[in-house]
Amino acid sequence: MKKTKTGIFSGSFNPIHIGHLALANYLCEFEGLDEVWFMVTPHSPFKKQADLWSDELRLQLVQLAIEGYPRFRASDFEFHLPRPSYTVHTLNRLKEVYPEREFQLIIGSDNWKVFDQWFESERIVSENKILVYPRPGFPVDASQLPPNVHLAHSPIFEISSTFIRQALAAGKDVRYFLHPTVYTKIKAIHSANDAM
């Protein structure tokens, strides 16, 4: 039986923006993935808690952003794993729970450059497929990649969640950087907070 090719796009999505969505859309339509799961990561020890919106809000915004496109899924899988959540443990657990799927880890070329610093990185590479997407300033030579690692030829989307949070805090109208329902939700939260 053919396994469903499922990309794991892990991130804080703080908030999810059109760069995330366009990249995942490309990977489904042009790189052979059947689905992309947006795996919202719980609070990371490497990020300041104050900068991170709540796990529940970030997940809700992903759910709003992907509604209507059947090949996307919002996942809170890591919310239920021991913390800190290491990628190798997440992938192992996913394979146990969903044996009918072939999971591929989606990472940027910036992360690939430092991948050897990840927890049990060699095991991740030997036991899983990895899809690397290009990030500016971090070129990857496809001929030097291990057999399980594939370089996607996706467009480069230079938008960051940090930029969007700062723009919103400064009162900028950045609606076109976000899915419309996500922008509406964030504006409603800001308005409610301002009214308090």
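Select E96 to begin: E96 is exposed, at 55% relative accessible area. Here exposed means over 50% relative accessible area, buried under 20%, and partly exposed in between, with a 1.4 Å probe and protein chains only. The model is predicted, so local features need pLDDT of at least 70 and side-chain atom pairs pLDDT 80 or more, while totals for chains, interfaces and linings use all residues. Numbering starts from 1 along each chain as its sequence is written, and side-chain values use heavy atoms, leaving out hydrogens and water.

**Stop 1: helix α3**

The term covers a side-chain nitrogen of Lys or Arg within 4 Å of a carboxyl oxygen of Asp or Glu. R93 and E96 are three residues apart in helix α3, so about one helical turn separates them. R93 is partly exposed, at 37%.

Helices (H or I, at least four residues) and strands (E, at least two) are DSSP runs, numbered from the N terminus.

**Stop 2: the sheet**

Now show the strands. Six of them form an open sheet with parallel pairing, in the order β3-β2-β1-β4-β5-β6. Two strands pair if DSSP finds at least two bridges between them. Look at β3 (72–75) and β6 (149–151): each stands at an edge with a single partner strand, so one side of each has no neighbour in the sheet. Neighbouring strands are turned by 30° against each other on average, direction ignored. Axes are lines fitted to C-alpha atoms, for helices over the stretch in contact, and angles run from 0 to 180 degrees between N-to-C directions.

**Stop 3: around β1**

Select residues 4–11, strand β1. Six bridges pair β1 with β2 (residues 35–40) in the parallel sense. Six bridges also join β1 to β4, again parallel. Pick I8: W37 is its bridge partner in β2, and L105 stands opposite I8 in β4. Next, trace the chain from β1 through helix α1 (residues 18–30) to β2; this β-α-β crossover is right-handed. Right-handed means that, with the strands pointing away from the viewer, the path from the first strand over the helix to the second runs clockwise.

**Stop 4**

Select E100 and R101. Their side chains meet in a salt bridge at 3.9 Å, N to O. E100 is partly exposed at 34%, whereas R101 is buried at 10%. Then go to D173 and R175, whose closest N and O atoms are 2.7 Å apart in a salt bridge.
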